[in-house]
Amino acid sequence: MSSASSSTPSGTPSGRPAVVRDRDSEGRARNARPRDGLGRPLPYGADGVPRQPEGVVRTPRETVAEAQALLDAGRPFHAHEVFEDAWKSGPRAERTLWRGLAQLAVGLTHAARGNATGGARLLRRGAGAVEEWAADTGERTPYGMDLPGLLVWARELADAVESGAAGVVDPAKRAPRLRGEA
């Protein structure tokens, strides 16, 4: 038996214990630990919030409505997953838009978790992607969204988070209005 194919008593060639990974129904690695409202893992057996199903194909207007409901509920991590589905399943020409929106939601998530540096960075990165898409396409209100208002929200929140003026960020109270309504 060659050394490459032999294993130690622990079951792996390196002698380290084999890592058992949670898998979804299709065999993809997916952590089954419950999550809190901001997507942080909780101990196995703890009560968590329901996860967003992955790979759901929605219309763009359904995406915006579902993401807004999650943002309003203080669940920006889950809103990011909705935007990520649109980014992965939508038209190639809209990927920058949906990726930017996902980054904005993750920026709000990080800010709410107390990660000021990551929050500000992702809010600015997301705003840049949304702004780039709007400049390239000339669209200012795709699917009823108010992109100029969203950019103002993202940059103001990034500045407040970075300076410390935002304090503890309540994600529901600081959620953006995607369609600009009050």
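Does Glu162 count as buried or exposed, and what is its relative accessibility? Glu162 counts as exposed, at 52% relative accessibility. The cut-offs are under 20% relative accessible area for buried and over 50% for exposed, with partly exposed in between (1.4 Å probe, protein chains only).

## Model and conventions

This is a predicted model: local features need pLDDT of at least 70, side-chain atom pairs count only at pLDDT 80 or more, and totals for chains, interfaces and linings use all residues. Residues are numbered from 1 along each chain as its sequence is written, and side-chain values use heavy atoms, with hydrogens and water left out.

## Overall fold

The protein has five helices and zero strands. Its elements run α-α-α-α-α from the N terminus on. Helices (H or I, at least four residues) and strands (E, at least two) are DSSP runs, numbered from the N terminus.

Of the 182 residues, 39% are buried. The accessible surface comes to about 10,000 Å², and carbon and sulfur atoms hold 52% of that. Accessible areas come from the Shrake-Rupley method with a 1.4 Å probe; for residues, only the protein chains shown count as cover. Take the contacts (heavy atoms within 4.5 Å) between residues at least 6 apart in sequence: 55% of them join residues at least 24 apart.

## Helix H1

Helix H1 spans residues 60–72, 13 residues in total. From first C-alpha to last, H1 reaches 18 Å, close to the 18 Å expected at 1.5 Å a residue. The expected span is 1.5 Å times one less than the number of residues. Thr63, Val64, Ala67, Gln68, Leu70 and Leu71 are buried in H1. They lie on the same side of H1, because they cover an arc of only 160 degrees around the axis. The arc is that of the directions from the helix axis to the C-beta atoms. An α-helix has 3.6 residues a turn, so residues three or four places apart point the same way.

The buried residues of H1 pack against helix H2 (76–89) and helix H3 (95–112). Gly74 follows H1, with a positive phi near 80 degrees.

## Aromatic pairs

Rings of Phe, Tyr and Trp (its six-membered ring) pair if their centres lie within 6.5 Å; planes under 30 degrees apart count as stacked, over 60 as edge-to-face and the rest as tilted. The count is two aromatic pairs. Trp98 and Tyr143 are stacked, because their ring centres are 6.0 Å apart and their planes are at 20 degrees. Trp98 lies in helix H3 and Tyr143 in the loop between helix H4 (116–137) and helix H5 (147–163), so the pair ties together parts 45 residues apart in sequence.

Trp98 is buried at 1% relative accessibility. Tyr143 is partly exposed at 24%. Ring pairs link Phe83, Trp98 and Tyr143 into a cluster.

## Salt bridges

The structure holds eight salt bridges, each a side-chain nitrogen of Lys or Arg within 4 Å of a carboxyl oxygen of Asp or Glu. One joins Arg40 and Asp36 at 2.6 Å, N to O. Arg40 is partly exposed at 35%, whereas Asp36 is buried at 15%.

Arg177 also bridges to Asp72, with the closest N and O atoms 2.6 Å apart. This pair links distant parts of the chain, 105 residues apart: Arg177 is in the segment after H5, and Asp72 is in helix H1. Glu162 and Arg124 meet at 3.2 Å, N to O. Glu162 lies in helix H5 and Arg124 in helix H4, so the pair ties together parts 38 residues apart in sequence. Arg124 is partly exposed at 31%. Salt bridges that share partners join Arg58, Glu66 and Asp85 into one network.
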